[in-house]
Amino acid sequence: MEDLLKRRFYYDQSFAIYGGVTGQFDFGPMGCAMKNNILNLWRSHFILEEQMLEVDCTILTPENVLKASGHVDRFADLMVKDLKNGECFRLDHLIKAHLEKLMTEKNVTPQQIAEYEDIIVKVMKSTLTFEFL
């Protein structure tokens, strides 16, 4: 599906012919129309019906802002790569999913559940500051 959308230029990675820039995308005519339809639907619900206020901010952040907020010194978003298929995953999400699976097993004790929950809180705490800043 992704290849079809790129071939029909719904979207593509920005500067793709030069290797691309991760996280930045260019939209073609149909991609722009689809994006605008989604934004208009979002606006009609949240702004008109829920009476929320809309702001538009840049998505690029200067390094000195990230330094001042502590993200440069304290934040780590560790990734792991599946060597078989090349897929990347966030390490904190893998740890959380595995511990949640362990907590559902029949022979797990309440002490183990408490320990797993404590580990989940500690692992997720390192990313919450950045995600909800």
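Visitor: Why does E54 count as partly exposed?

Guide: Buried means under 20% relative accessible area, exposed means over 50%, and partly exposed lies in between (1.4 Å probe, protein chains only). E54 has 38% relative accessibility, so it counts as partly exposed. Before we go on: this is a predicted model, where local features need pLDDT of at least 70 and side-chain atom pairs count only at pLDDT 80 or more, while totals for chains, interfaces and linings use all residues. Residues are numbered from 1 along each chain as its sequence is written, and side-chain values use heavy atoms, leaving out hydrogens and water.

Visitor: What makes the contact of E54 and R43 a salt bridge?

Guide: A salt bridge needs a side-chain nitrogen of Lys or Arg within 4 Å of a carboxyl oxygen of Asp or Glu. The side chains of E54 and R43 meet at 2.9 Å, N to O. E54 lies in the loop between α2 and α3 (63-69) and R43 in helix α2, so the pair ties together parts that are 11 residues apart in sequence.

Visitor: How do you know that D92 is buried?

Guide: Its relative accessible area is 6%, so D92 is buried. D92 also forms a salt bridge with R90, at 2.7 Å from N to O.

Visitor: And what makes I17 exposed?

Guide: I17 has a relative accessible area of 75%, so it is called exposed. I17 sits in the loop between β1 (11-13) and β2 (25-27); strands here are DSSP runs of E, at least two residues, and helices are runs of H or I, at least four, numbered from the N terminus.
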